[in-house]
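Hello,

Here is the structure I promised to pass on to you. Have a look at it first, and then read my notes below.

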Amino acid sequence: MIALWMYLLVAAALFCIGTYGVLTRRNAVSILMSIELMLNAVNINLVAFWRYLTPQNMSGQAFSAFVFVIAAAEAAVGLAIIISVYRNRKSVIVDDVNLLKW
Amino acid sequence: MITINAQSIAFILFSLFILGGGLGVVTTRNLIHGALYLVLSLFGVAGFFVLLSAPFLAAVQVLVYIGAIAILIIFAVMLTRSMTSLTEAFNRQWWLGALVGALLFVFLAAGIILPVWGAGSAYAGQPVSEVVATTTDLGVALVDGNQYVLPFEVASLLLTAAMIGAIVIARDDE
């Protein structure tokens, strides 16, 4: 069977790809997609540790379910904010949204 | 190290889906393509959940992520026309971001691999038990007063508040 560290390695790689996307993309929708990637990496880790270490205890899957809820809420609010920003500034490039920048 | 069987082939295939899709999301200029790459990556994660014997989470992954969030993102891309106005996909510090991502991966990989490096057969990396809690147990755990009923209710409240908030924010105030 697949060893635990392989799942963790794939999840780590996915998390770092998401980090790169969040740090470098200029489009707000792209940044949101990268955040979804990072949340998925966390989910893989939670479920992998649950399966390999405590498969009879529901903690890992329950936490993963809560991450789903948070991700859905985050996507809904984030996209609403993006649409609102676009309506006001005609742009979704995060560099252009600098009203609060000192 | 990996014996070739259906499970390891599926693992490699889903890993390729996840990482290839993820790289596509962060590199492509066309946001619609990016959203489709995201769907590929999320599908790979659903496959991982099946491999990890969490079928309920795999179904939720397909329904919520691929069915709802990806569609929501495509809607947002279309509503903001952000794919046509895009001249430069990356900001000026893209090399710094790549460096941070690569360094983070190196440290994470060291933290994952070093503890099991050279352990050989002493570390089998196998599950402690083949008896796995089922979806029924998950459902019971989420409404059991001794387990997760309070976080479950709080999550429901958060989701309701987020939906109302999203409608209020995105609404056109005349």
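Let me start with chain B, where buried residues make up 26% of the 174 residues. A residue counts as buried if 20 or more other C-beta atoms lie within 10 Å of its own, as exposed if 12 or fewer do, and as partly exposed in between, with C-beta atoms placed from the backbone.

A word on the source: this is a predicted model, in which local features need pLDDT of at least 70 and side-chain atom pairs count only at pLDDT 80 or more, while totals for chains, interfaces and linings use all residues. Residues are numbered from 1 along each chain as its sequence is written, and chains are lettered from A and ligands numbered from 1 in the order in which they are written.

**The two chains**

Chain B has 6 helices and 0 strands. (Helices, H or I with at least four residues, and strands, E with at least two, are DSSP runs numbered from the N terminus.) Chain A has 3 helices and 0 strands. Its radius of gyration is 17 Å, well over the 13 Å that the globule rule gives for 102 residues, so chain A is more spread out than a compact globule. That radius is taken over C-alpha atoms, and the rule is 2.2 Å times the number of residues to the power 0.38. The C-alpha atoms of chain A fill a box of roughly 50 × 25 × 25 Å along the principal axes. In chain A, 61% of the 102 residues are buried.

**Where they meet**

The contact takes 76 residues from chain B and 63 residues from chain A; two residues are in contact if their C-beta atoms, placed from the backbone, lie within 7 Å. On the side of chain B that touches chain A, 56 residues are nonpolar, 18 polar and 2 charged. Here Ala, Val, Leu, Ile, Met, Phe, Trp, Tyr, Cys and Pro count as nonpolar, Asp, Glu, Lys and Arg as charged, and the others, Gly among them, as polar.

**A closer look at one helix**

Which residues of H1(B) are buried? Among them are Phe11(B), Phe14(B), Ile18(B), Gly21(B) and Val25(B). Seen down the axis of H1(B), the buried residues fall within an arc of 155°, so they line one face of the helix; the arc is that of the directions from the helix axis to the C-beta atoms. On the other side of H1(B), Ala6(B), Ile9(B) and Leu13(B) are exposed. The buried residues of H1(B) pack against helix H1 (4-24) and helix H2 (28-53) of chain A, together with H2 of chain B.

Best wishes
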